[in-house]
Amino acid sequence: MTSSKISARGFFGKLVRNQLFIPLVALLILVAINLFADPTFFKISLEPSSTGNLILSGNLISIIDNASELAILAIGMTLVTSASGGQDISVGATIAIAGSMVLRFVKMYSPDISGGKFAAVIIFSFLVCVVVSALFGAFNGSLVAFFKIQPMVATLILFTAGRSIAAWINNNDNISINDARFGYFGNFIPGIPIPTPVFITVICLIIIALVLKFTNLRLYAQSVGINASSSRLNGINPKLIKLLTFIILGVCVAVCGFIKVSRTSSITYSVIANNIEMDAILAVALGGNNLGGGKFNLTASVIGAYVIQFLTTTLFKFKVSSSEISAYKAVVVILLIFISAPVVRKWIADVRNKNLASRKSKIGKEAN
Amino acid sequence: MSVNSNVLGENKLKKRSSLTDTNLLLIITIAVFFTMYACAVIFLKQGFLKPQMFFNILNENASLLVLSCGMTLVMITGGIDISVGQVTSLVCMTCAVYLQKVNDGLIAGNVFTSMCIALAIGLAFGIVQGFLVAYLEFQPFIVTLAGLFFAKGMTTIVSSDRIAVTYEPFVKLCRTEVTIPFLGSVNKKGIYIPAYVEVGVVVALAVVILLFCFLKWTKLGRNFYAVGGNNQSANMLGINVKLTKFLAHVLCGLCAGIGGYLFFLHACSGSPLHAQGAEMNAIASSIIGGTLLSGGVGNIIGTLFGVLSLSTIKNIVTSLGLDEAWWTNITVGAMLCVFLIIQSAILAIRNKKK
């Protein structure tokens, strides 16, 4: 009898120790709350949009759609966290820069050009935006890697100056693109009922999965994060790996910025991607990744990103205004890090061991 | 190192090494400030020669000065607190709503109780964050980032509009000016106007002097340096590292409360947009003032000059005619970047010597 109990505990323990456990449980709790509060929450319907296309609509679709940027950011943020042991808090500001770059170039060519040329313009401006974001990522990365500044402080520079640079790029003009084709990337392509950002996210996830599968990036980033000097002795260049992760994050930021500006076809420099750095860090933390660097699990981070968007939508559902949401999220963060703190875990383990020991001694006495 | 100089006062070698660390950075900062001000006086004659121009810098940055001092304390112990700016905003908003209610006769109270509220908010943030950082060993950046967003959300929950305070005794306090003897300027009509500072500046300077004495001459103050310099050896010296870190965060929270009230005194209103990016300015001032991010090195006087340099460069940027809002942010970012690189170079040289 006791052996079956122990094996059950073993299975349960394995489940709890799995990194996907925390985000999935959080997701289940949110689903339960929403089902309880509003049974029609998960209804999905096919409705004609304002332009006459048939599109899928419903809370679930909007969650998956709106979480796209966060999921893409979570990829880069997880890698940066793993290799450098810190987080990039400038992502929101760099998204503003990337978006501003895209708009500047699209605006230059936009009025009434044919489909092929328009595609060329979009591809060109997207590439420019990727290069610029990667350069800003490299700036952050080189401060971290070569000057050995803590990542969060190094990225504090762009966190302050970033939105100002974004405004400066476009002379603080309120640019808006009237071409409907520009909005395809953030909304819907006519004839396809699924929002385009979902496809972009899937493509990004596939690319990063392939990269992790066929290169040593995962191993190198983890070993640099766990012990930089010993990985250097093993022939890995920690500086280069740190720089590389920041550049990858820069590329992720460029994709996010592109989706963000495409959603509204315009930009508000001080508001675009507001507070997204918090959400991205939260996604990484929710995924059970150690914020101090080392081992990481990308799947968990991406699920974490969706959970956070779920939380945001749920809070909206309960009529919490967008500026108040940050207070609630902060409480969630504190709770999360409280659960995952080594000190607390050790304390829980101690209590459990004590219970176990006392139970064992009881069983022993009974047997005697 | 700094602790050693205290304990082994007679050891000249140790003393000299402490001079290269703390004082070199301090000297750089003071030199930068005076060069900048001198350049401003020479090249941009308008205003910079008037004593009032200098005192206006103080008037506008009294709150920042106190915030930076708190930040310096935390940074000396090797931590960081990025919630101070939003705590300032929260303090302003809460006090404004409270005083308006007092004004309308809805609740009993006076200016003094509003001060107590401000201090209580600051202390509460300090205690919670300090506990999480020191006793549960979270990364200070994550905890205070959460604190930042919590304060941001709370500010809008308290009120999402800008509230101007019309409570009579408070407005009187806001308008109180302390005139400086023997300094002043003659205006266009030929009337002599003495230079003045606001009440907040007096409080801020008092805080600076208090904290300077605290860090220099009290046991706890020296412990701050020891903990920041090397956690483990501080522990072996018998210093309660956790308590020291906790107290640093509590003091920083208290400074955020005071700084918040000073901002409130200067602005006379509460708004969710108050003190946006103040945490950034506070960190920048501390870093420019020679506080090392890695902890163990720092000086309140340096922070004072850091705040002065930062605000002088802002004033210079504005008087150059580049008054679009982004230029100040970009300059502050660039300045921070330069000082961070200088620091990292100094650290690299120091490590090489060892």
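Modeller: The model is predicted, so local features need pLDDT of at least 70 and side-chain atom pairs count only at pLDDT 80 or more, while totals for chains, interfaces and linings use all residues. Residues are numbered from 1 along each chain as its sequence is written, with chains lettered from A and ligands numbered from 1 in the order in which they are written.

Colleague: Why is Lys148(A) called partly exposed?

Modeller: A residue is buried if 20 or more other C-beta atoms, placed from the backbone, lie within 10 Å of its own, exposed if 12 or fewer, and partly exposed in between. Lys148(A) has 17 other C-beta atoms within 10 Å and is therefore partly exposed. Lys148(A) lies in the loop between helix 6 (115–145) and helix 7 (151–169) of chain A, helices being DSSP runs of H or I with at least four residues, numbered from the N terminus. Its phi is near 55 degrees, a positive value in a residue other than glycine.

Colleague: What makes Glu137(B) partly exposed?

Modeller: Glu137(B) has 13 other C-beta atoms within 10 Å, so that residue is partly exposed. Glu137(B) is found in the loop between helix 6 (111–135) and helix 7 (140–158) of chain B, and its phi, near 60 degrees, is a positive value in a residue other than glycine.

Colleague: Why are helix 4 and helix 9 of chain A called oblique to each other?

Modeller: Angles under 35 degrees count as roughly parallel, over 145 as roughly antiparallel, 65 to 115 as roughly perpendicular and the rest as oblique. The axes, which are lines fitted to C-alpha atoms over the stretch in contact, with angles from 0 to 180 degrees between N-to-C directions, cross at roughly 45 degrees and come within 6 Å for helix 4 (residues 68–84) and helix 9 (residues 217–226) of chain A. The two helices are therefore oblique to each other.

Colleague: Which residues make the contact between helix 4 and helix 9 of chain A?

Modeller: Two residues are in contact if their C-beta atoms lie within 7 Å. Helix 4 of chain A contributes Leu79(A), Ser82(A) and Ala83(A), and helix 9 of chain A contributes Ala221(A), Gln222(A), Val224(A) and Gly225(A).

Colleague: How many residues of chain B are in contact with chain A?

Modeller: On chain B there are 31 residues in contact with 37 residues of chain A. Helix 7 of chain B gives the largest share of the side of chain B that touches chain A, 11 residues.
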